[in-house]
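Trainee: Before we discuss this protein, could we look at the sequence and the coordinates together?

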Amino acid sequence: MTTVGDAEDTPHYHGHRERLRSRFREAGEAALADYELLELVLFRSIPRRDVKALAKELIRRFGSFAEVLAAPPSRLAEVEGIGDSVVTDLKIVEAAARRITRGAVAKRPLLSSWNAVIDYCRTAMAFADKEHFRVLFLDKRNGLIADELQQTGTVDHTPVYPREVVKRALELSATAIILVHNHPSGDPTPSSADIKMTRTIGEIAEPLGVMVHDHIIVGRDGHASFRGLGLLE
């Protein structure tokens, strides 16, 4: 039996938490706003405090649920109320999302599961605050041999060494590669430097039996495919 005193002692957010969990169980994540999904994560990290305002502040500061997960730990820690345990839990969720999208491309021909490739690239890189350049190395059946981060640069530049990219492809006995990098600005439109670098890699790789299938640029505002744009023959 619940007495009036017990009810008064129960924090007001307990009912909110259960209602939010019930809505998630019954209708799924699509029924929740970004800040509400973030609340569900924060419930586990901060069990004895109302976290709605904190979730809304994180979304306001970083932009979206995905961008909160991808934010650098140092920037997350700048938000009042975010301690090491919260940062760790957010990074665990981010890592889980990457594992899931990577699993969708790991054991199947990449060119027949292109949407999964795009999802993986966006999850891995779209919201990073620095440029990252990675290469997906493929076998003769277009299966994934390896996915390697080659370089990390600044907010608008990553050094890429075409001969090293091709050398690594030969070491792995890859017959094709997909180049991937991100634009922290959010706009995935290829720059003239991106186009020149891609052509240089292709010119070195092709005589050695390695094909550049595509170069994908990802950003907060979407993605761009060199092949789709007609920049690769």
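This is a predicted model: local features need pLDDT of at least 70, side-chain atom pairs count only at pLDDT 80 or more; totals for chains, interfaces and linings use all residues.

Trainee: Is Glu 39 buried or exposed?
Mentor: Glu 39 is part of helix α3, which covers residues 34–45. Because a residue counts as buried under 20% relative accessible area, and the relative accessibility of Glu 39 is 0%, Glu 39 is buried.

Trainee: What distance does helix α3 reach from its first C-alpha to its last?
Mentor: Helix α3 has twelve residues, and at 1.5 Å a residue the expected value is 16 Å.

Trainee: How are the axes of α9 and α10 oriented, roughly parallel, roughly perpendicular or oblique?
Mentor: The axes of helix α9 (residues 162–171) and helix α10 (residues 192–205) come within 9 Å and cross at roughly 45°. That angle therefore makes the orientation of α9 to α10 oblique.

Trainee: Which residue lies over the face of Tyr 35?
Mentor: A charge sits over a ring if, among other conditions, NZ of Lys or CZ of Arg is within 6 Å of the ring centre. Over the face of Tyr 35, at 4.9 Å from the ring centre, lies Lys 56.

Trainee: How many aromatic pairs does the model hold?
Mentor: For a pair, the ring centres have to lie within 6.5 Å. By this rule, the count of aromatic pairs is zero.

Methods:
Residues are numbered from 1 along each chain as its sequence is written. Side-chain values use heavy atoms; hydrogens and water are left out. Rings of Phe, Tyr and Trp (its six-membered ring) pair if their centres lie within 6.5 Å; planes under 30 degrees apart count as stacked, over 60 as edge-to-face and the rest as tilted. A charge sits over a ring if NZ of Lys or CZ of Arg is within 6 Å of the ring centre and within 35 degrees of the ring normal. Axes are lines fitted to C-alpha atoms, for helices over the stretch in contact, and angles run from 0 to 180 degrees between N-to-C directions. Helices (H or I, at least four residues) and strands (E, at least two) are DSSP runs, numbered from the N terminus. Angles under 35 degrees count as roughly parallel, over 145 as roughly antiparallel, 65 to 115 as roughly perpendicular and the rest as oblique. The expected span of a helix is 1.5 Å times one less than its number of residues. Buried means under 20% relative accessible area, exposed over 50%, partly exposed in between (1.4 Å probe, protein chains only).
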